[in-house]
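Student: Please take a close look at one part of this model, the interface of two chains. I would like it described in one connected answer.

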Amino acid sequence: MGIGARFGRNFDRLLDCLALVGCALIMFQVISVSFEVIVRYFFGFSFGWVTSLNEWSLVFLTFLGVAWLQREGGHTNDDSIMQKFPAPVRVMARAAAWGLALLTTAVLTWYGAKVAWQNYVNESYDFFKIREVPLFYIYAVIPFGSLLWLIQLLRSMRREVHDNRAGARHDTTDV
Amino acid sequence: EEIVLKALTYAPPSKVEDSMAVFKAWIDKVNAKGEGKLRVEILGGPEVFGVGDQVNAVSKGLADITLTFTAHTALVPEVDTLGLSGITVAEERENGYLALLDEAHSKINLKVIGRAATQSGFFIFSKEPIESLADFEGMKIRSHSGYDGFFRKLNANPIGMNISEIYGGLERGIVTAAPYNIFAYDLGLHEVTDYMLADPFWYSHTTVTLMNRKKFDSLPAELQAVLIDAQIEIEAEMADIVAKMAEEERKRLAEAGMTFTNLPPEEAEQFRQMATESRFEVLEEILGADRVAEIKALIVRQ
Amino acid sequence: MEWYVAFLLLIGTFFFLVLLGVPVVFAFFGVNIIYLGYFMGEAGFELLIDSVYGSLSVFVLLPITLFILMGEVLFRTGIAMKMINTLDTWMGAIPGRLSLLAIGSGTLLATLSGASIGTTAMLIRTLTPAMQERGYSKSLSIGPLLGSGGLAIMIPPSALGVILAVIASVSVGKLLIAIILPGILLALSYVVYVVLASRFDPSAAPAYSSERVAISERLMLTAKYILPLSIIIFLVIGVVFLGVATPTEAAALGTAGAFGLAACYGRLTWSVTIEALMSTLRISVMVLAILAASKAFTQLLAYTGATQQLIGWATELPISPIWVIVMMHLITLFLGGPIGGIPLIMMTVPIFLPVVTALGYDPIWFCVAMLINVELAQITPPFGILLYVAKGILQDTTMGEITRAAVPIIVCNLIVLALLIAIPALSLWLPAQMLQ
Ligand code: NA
Ligand code: NA
């Protein structure tokens, strides 16, 4: 097996694992919030951390899931208009879509890393949430997830180019 | 050519609140003194940059000025003492407290213009009357990490809750009390609570006007003076503006059925001190005892 | 740059990209990045990251994942199907029986599901074969299904309703309560349509006698499959009324309840749980990514000053304010097809709502009509996601037939929409009772 194929297989495995983490976060939301309500109702006691952790879980599950969703072709688009245009126009539209996708993920990765680093250096925390938790821990998932997203886009692009050469009809839901 | 400074506000620009009124009055003064050379314009509120990001935006030069509160305390912990001051705004300017804040903000490229409100602070709105400190015992009160320490000291039961959920939380009885400034009518607190404890805590208020430091330094001295002079003028009028607005708001709340209660005098003093001390204690861990002592010496009235 | 130039450039580029087939999330982010560089410079990219963090780490967004998961659990464990079958045993040999069953099921499912696409797909897949077998016309089979599925967002729980409330900064609880009456009204209008249609053209819905189920059996099935659903309804709505939990927390309770119910029926397996979670993750990530992107977009729009100027301009238009509102609804309906519910709400509401308030209208009133309108946009040609869903499932039906079947339902929606706009009490009375 070549290096490329081995990388691809491990990368797929990584995305699957992260998706499972995302699922676990959703279960955490169900359980922690229900638990908070029950404890508050019966014992009149509130955990200070339930709200903040659940808010952060939304950031985490989004960025742990974007690359996986990209692979699954789940980022919604509407190409019903483009279908009516001739092939050369469609190819240009596809190129624009790929370009914007790469630009977006590159900016999110680079500036995500920069801002996460700033938060690390400044020892920032979120005034409105749990102040003991460094904001860096939360921000770090943004460049991490975006980098995976970028890599997955490159993989999908490569496959599309390959498929086009092979004359196969490409799957337009990929980007 | 006229220089236009773009300003952000922590609340929507249309919001009726003491700090917003003072800030707008300051802008009017600047624009009058600026005489076509300098003008401040409100760009918008949280719809432009989230409240937590406005200081960042001004620090990085995306806007020039922000009317904000202590949300950036992670970057400048000293700002957390704004609400704890026991002296007048003029005294703060004279004795070096303001300069200390300004110096602390310089590391994130911000210039402190000055306060936007004073002598108002936070009140506790509740479903049951609060007439003694014992009434706080076990009270389910809306909180966040900034209030937690104080409310625990009162033996209350702080419940973490988003600002957007305060109304619903009170309405449905998930909490029975919530701290807020006196301008609570817009939020509808009079619909879901019946009492307001009229003894404020952190009564020096926590709002402040900040400016991008590079931008400030780049202005010619006469225009810098326009900004500062306007601030000094507004500081002299501030207490009256705030008192007048608070009085009107109080009337509005009373007409809506709100009853105002007070603590016995000695408990009221204890209440104020607990609020102040609980903040200073947290700050000692962050800033160190020496720095806190330095600030205390300036702003705690002996 | 003049505000209207900035406005038209930003909005224009966005729509151009969407029509180009660019995924919505990249269209939003892409426009942002292109213009951020121009309006703000490099620091703008750093604030973009702050904005992404800020728009996602919001507690009241939690029901998006929770409501979707609740629906997934009930569908995938087959509980929803059992419910429809039980409802079926109560229907006599009345005209339009299966169409009415479709509406009844849609309404019941609406109280359990937060998203409309899932409900519609499930109803179409289950009920159309039976209808075609009985010789129902396309209009009376597909039409009510298209409409009933969409009820999912008009009767709480409603993930779209939560998003709308968050974006509009109105009370989530109030909005969820406010949509109940309009949702029921909508279901009733469908019933009226089916009854009238099968009166005038009995061949469109041939009557037939179904296997009679003994009354004791029916009662038993009802006790087993319909009554327990009241537990979930109680967990989602009742606890909010009783002051036990906020609407956000109630979404978690309802989901926990759905899991509990599935376990009681002995249908909760690992594989079903994982499937439900994966499907929930899929939709949630898609929605949340778009949400972050669109929030950054509207902030940029505000930064250019276009939002404020537009509000000023719209409030000073020399026409009666109600026509401004009607215009907003027309724009929503027009754009709702190609853009889809969530991004559409995120695009338009931050621009519309300040105008609505400035004109002196109640935001809840506007939001309720907005929600029904967004649902309507999903079944109006030329673009309508639910029309595509129907086409995807019913391979041998043409798009034209599906569209024609949708027309009477569209008319029902328009009538209810007009009523809601004309009679504010329809949307405002019930939430006002909450205060008593
Ligand atoms: Na629903
Ligand atoms: Na449409």
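Tutor: A:Arg131 and B:Asp80 form a salt bridge, their closest N and O atoms lying 4.0 Å apart; the term stands for a side-chain nitrogen of Lys or Arg within 4 Å of a carboxyl oxygen of Asp or Glu. The rule finds 1 salt bridge across the interface of chain B and chain A. The model is predicted, so local features need pLDDT of at least 70 and side-chain atom pairs count only at pLDDT 80 or more, while totals for chains, interfaces and linings use all residues. Residues are numbered from 1 along each chain as its sequence is written, chains are lettered from A and ligands numbered from 1 in the order in which they are written, and side-chain values use heavy atoms, with hydrogens and water left out.

In contact (heavy atoms within 4.5 Å) are 20 residues of chain B and 14 residues of chain A. On the chain B side, 8 residues are nonpolar, 9 polar and 3 charged; here Ala, Val, Leu, Ile, Met, Phe, Trp, Tyr, Cys and Pro count as nonpolar, Asp, Glu, Lys and Arg as charged, and the others, Gly among them, as polar.

About 1,500 Å² is buried between chain B and chain A, with carbon and sulfur atoms giving 52% of this area. Buried area is the accessible area (1.4 Å probe) that two parts lose on being put together, summed over both.
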